[in-house]
Amino acid sequence: MLETERLILLKPNKNDRDVISEILSSPKQTKYLPNEAPYSQKQQKEYLDKRIAHWERNGFGTFIICLKGNLRIKLGFVGFE
């Protein structure tokens with residue numbers, strides 16, 4: 001977990017499908033990703049599963065960005081692998 005004044009960055013988990021879906025189903029958001037188009041539900045699930053597995057294997061990876069005052073408000077994701 002990383003924390004700033006207004007944000008908390010958390011390891012992804014299965015409950016983060018909502019924010020993954022919101023971003024990866026958007027043509028604007030996915031235009032420059034390797035898929036170059038919105039991801040199917042199956043691809044979204046695989047994407048999240050891979051992010052979770054990467055953390056388990058390596059101890060670092062993609063973070064889910066949440067509003068510090070309300071962790072239910074997910075703003076996106078960021079990280080590196």
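## Pro 34 and its loop

Pro 34 is exposed, with a relative accessible area of 77% (exposed means over 50%, buried under 20%, partly exposed in between; 1.4 Å probe, protein chains only). Pro 34 sits in the loop between helix 2 (27-30) and helix 3 (helices are DSSP runs of H or I, at least four residues; strands are runs of E, at least two; both are numbered from the N terminus). This is a predicted model, where local features need pLDDT of at least 70 and side-chain atom pairs need 80 or more, while totals for chains, interfaces and linings use all residues. Residues are numbered from 1 along each chain as its sequence is written, and side-chain values use heavy atoms, without hydrogens or water.

The phi angle of Glu 36 is near 55°, a positive value in a residue other than glycine. Glu 36 is exposed, at 62% relative accessible area.

Pro 34 and Leu 7 are 27 residues apart in sequence and 28 Å apart in space. For Pro 34 and Leu 75, the separation is 41 residues in sequence and 21 Å in space.

## The largest pocket

Helix 1 (17-24) and helix 3 (41-58) each give the lining at least two residues. Helix 3 has the largest share, with 5 residues. By class, the lining has 7 nonpolar, 2 polar and 3 charged residues (Ala, Val, Leu, Ile, Met, Phe, Trp, Tyr, Cys and Pro are nonpolar; Asp, Glu, Lys and Arg are charged; the others are polar).

## Salt bridges

The structure holds 6 salt bridges (a Lys or Arg side-chain nitrogen within 4 Å of an Asp or Glu carboxyl oxygen). One of them joins Asp 49 and Lys 14, whose closest N and O atoms are 2.7 Å apart. Asp 49 lies in helix 3 and Lys 14 in the loop between strand 2 and helix 1, so this pair ties together parts that are 35 residues apart in sequence. Asp 49 is partly exposed at 23%, and Lys 14 is exposed at 53%. Lys 14, Asp 49 and Lys 45 are linked in a network of salt bridges.

Lys 74 pairs with Asp 16, with 2.8 Å between the closest N and O atoms. Their bridge links distant parts of the chain: Lys 74 is in strand 4 (residues 70-78), Asp 16 is in the loop between strand 2 and helix 1, and 58 residues separate them. Asp 16 counts as buried, at 5% relative accessibility.

The bridge between Lys 42 and Glu 46 has an N to O distance of 3.9 Å. Lys 42 and Glu 46 are separated by about one helical turn because they are 4 residues apart in helix 3. Lys 42 is exposed at 59%.

## Pro 12

Which loop holds Pro 12? Pro 12 falls between strand 2 (7-10) and helix 1. Pro 12 is buried, at 8% relative accessible area. Pro 12 and Gly 76 are 64 residues apart in sequence and 11 Å apart in space, C-alpha to C-alpha.

## A nonpolar patch

Leu 67, Ile 73 and Leu 75 make a nonpolar surface patch of about 230 Å² (nonpolar side chains, here Val, Leu, Ile, Met, Phe, Trp or Tyr, with over 30% relative accessible area and no salt bridge, joined within 5 Å; areas by the Shrake-Rupley method with a 1.4 Å probe). Leu 67 lies in strand 3 (residues 63-67). Leu 67 is partly exposed, at 31%. Leu 75 belongs to strand 4. Leu 75 also counts as partly exposed, at 49%.

Definitions and conventions: Patches are made of residues with over 30% relative accessible area and no salt bridge: like charges are joined within 9 Å, nonpolar side chains (Val, Leu, Ile, Met, Phe, Trp, Tyr) within 5 Å.
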